[in-house]
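Trainee: Could we go through this structure together and check what each term rests on?
Mentor: Gladly; let's take the terms one at a time.

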Amino acid sequence: MTTIQAQAPPAKGRARRRPKPAHRDNRIAFLMLAPALVLLGIFVLWPLVYAWYVSFFNWSFYTESVFVGLRNFRLVLADPVFWASIGRGLRFSVIVVPAILILAFVFANLVKAMGQRMGTLLKVSIYIPTVISGVIASIVFVLIYEYRQGLLNWLIGLVGFENQPWLGSASTALLALTAPAIWLGLGLASLIMLAGLLDIPESYYESAELDGANWWQRTVFITVPLMRNIGLYLLVTCFVATIQQYELPLIMTSGGPVQSTLLPNLHIFLRFTNDDTVGYSIAAALLLFVVLGGLSAVIFRVINSEKAVDA
Amino acid sequence: MRSTRRLTGGLGVVAATALVLAACSGTPDGGPEGSASGEEVPEGVTEVTFWQQSFTDEENEWYESVVDSYNESQDEVHVTLTAVPGDAWEQRMTAAQAAGNAPDIRTMNYGGVRNAALTSQITPLSDLISAEAWDDLQENVRGSVTVDGEEYAYPMLVEPSAILWYRTDLFEAAGIDGPPTTWDELVADAELLTNDEVFGMRLAQNAPDMSWSTWGYQWNVAGHLPISDDWSEGMATEDYAPLLQAFQDLFASGALPPADGVGYPDASTFGDGQYAMMANGSWAASQLLSDYPDLVPNVAVAPMPSFDGQSGQTTATLGGWTWAVDGNTEVAEEAATFIEWALGGDTENVVPFFEATQFSKVSPRVSVAEAISALPDVDTVNPWNAVIQEEIVPFAQPEPGYPWNVSLAMGEAIEAAMQGTPVSEALAAANDKINTEIANSQLAGTGS
């Protein structure tokens, strides 16, 4: 008891002196954060605030802009093309995102299971699409999908199928875009998955093996739960990136045929280049922001990440 | 933890949205896409910036030479030329306008002049260019750049947008006597000519290209445009059904293939031998003559067929390019002076352009047209020139001046019909879109 009492005053004294170094730490932290915050302010927050301001005007680069209140938002909300593009973006994401997550998981497991040399080779092979420009990927896939000279039609011709207008038909064009989208997104997702896999202590697997768990049981009861946060992160980032994809449809199909590949960003982009008052494009971009933010929030709420953190 | 993750996710979404907004931000002049001249502007000299849409090397060389000649001819104004690829034009121009650094002079097609004038994007030039230069223009072409009594751009060239180019050797092999004179014949011939190597017909293959390349057929089949003259009411009526049906039949038969990867104005796939017939503008002549000389003896031209089989009807519009001065420019006088010097002055400045493009385009200036017709070798250089001048140009209509979204609605209807949507449904959708555009852009009463 006396020992405790004897120790108390110095502890109190240290507690009194603590604020000073803590304050210094905060200052350093803020200083180091400052460049990022300034850049974020200039290139993200201010444009966002300004975009909201502009969205209430019929903006003109040549005459005085006219305040129109919520008219631009009403036009966008009443535009079936905007809603169709959102729906199309969701359909596109529903194919692309799960495919990326599943394939990335498989590749990450393969890399982990392989020897170092083969693993490195596979890692590099998977990562290559990530550093290839979307423009070049688009051009390569256009050549693959060509009607008469394309690789894909040549391949299906070998097994007796007729040439298909992959990009020329409204029924196949969106599906055709999913392949390059998955290919481009796979590399980064695989590496992030691999990093997550390598973070799981080997002792968990060893204990499970001793208890007689097979590969499937180890995957379901150890790997998947511990990869939950990685999966959630990839799910949201892949979803946001995929629904906003615009390079592929811009270059491969220009949004056609019959707007079947007109994804939301491409719709906004094409309207922007053909919009004398700009207001519609800005309002549509902001509404897309709201839609994406809302859907991301839903994903976060549905898939709770905290249990995995505690585990 | 949850709140941190929410914040991270939220910021991710904000950053992603910033990318959307970034598309709306300004971009600097020049850049990898364009070819800015890069020369230094002498001190004390007024700079006039000029963006031209880049099409062919021969045209680009003429632009450079005429700008250089003007810069050397005097020491008060320096014109700085930038060639911008056609597919990047709209994006770069809108971004430059947003950033307040649009070029002082830009090339502009006839169809864009009225809308640009009504929205003050371009400056009236009536008083800045001499009456002599205006009076030298053909009356109908002058009308295409005149809005409410003021001229807003100076015409550079006109060219019919739709001509039937066909392979005489393939026609002969298939036992077809000559070019089709009706759209029914066109569809039948195209099906007959289609085999494993060659498609029967090439038309515009996507909605944006269909929007403008079919203006002539739209005139022909319906006798009117899909919006009333005062732009107050959509008129995409059943009158257009035969046109949409023709696209649908051609595509269904396999004679009209899915997109071949190049835009309507590009004749390269025809030059490569992939087609027996092609609809294209007169500009295709210079591409075929330059890049496919071996094919030239087997290629002939004819007017695009009409729907009732009568000749001498409108099946093409007279499109082409003008030079316009930006509505915000501070050097309008200097810009107009240069335009007059290059396009409206000495014919020697502009005739080389038509020579370089192998007479595949027509000058709207009477004096220039006379100078060109006096040249001894026009028909030798361009073997299709006589047919184009005599059988197509006289019947072509000027490009319509209504906003692009009206044209696009019709282009989308034709594309939808081609892809199998019932023709009536496609036309009804087009009419709805046109009416929505009239309401949204408050077009009623602003027509020509």
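Mentor: Accessible areas come from the Shrake-Rupley method with a 1.4 Å probe, and for residues only the protein chains shown count as cover. By that method chain A exposes about 17400 Å², with carbon and sulfur atoms supplying 68% of it. This is a predicted model, in which local features need pLDDT of at least 70 and side-chain atom pairs count only at pLDDT 80 or more, while totals for chains, interfaces and linings use all residues. Residues are numbered from 1 along each chain as its sequence is written, chains are lettered from A and ligands numbered from 1 in the order in which they are written, and side-chain values use heavy atoms, leaving out hydrogens and water.

Trainee: What makes a group of residues in chain A a nonpolar patch on the surface?
Mentor: Patch residues have over 30% relative accessible area and no salt bridge, with nonpolar side chains (Val, Leu, Ile, Met, Phe, Trp, Tyr) joined within 5 Å and like charges within 9 Å. A salt bridge would be a side-chain nitrogen of Lys or Arg within 4 Å of a carboxyl oxygen of Asp or Glu. Ile102(A), Val106(A), Leu110(A), Met114(A), Met118(A) and Leu121(A) form such a patch, with about 540 Å² of accessible area together. Two or more residues each come from α4 (80-113) and α5 (116-131) of chain A, and α4(A) gives the largest share, 3 residues. Met118(A) sits in helix α5 of chain A.

Trainee: How do you know that those are helices?
Mentor: Helices are DSSP runs of H or I with at least four residues, strands are E runs of at least two, and both are numbered from the N terminus. Chain A comes to 15 helices and 2 strands.

Trainee: Which residues of helix α8 of chain B are called buried?
Mentor: Buried means under 20% relative accessible area, exposed over 50%, and partly exposed in between (1.4 Å probe, protein chains only). In α8 (residues 183-193), Trp183(B), Leu186(B), Val187(B), Asp189(B), Ala190(B) and Leu193(B) are buried. In chain A, 41% of the 311 residues count as buried.
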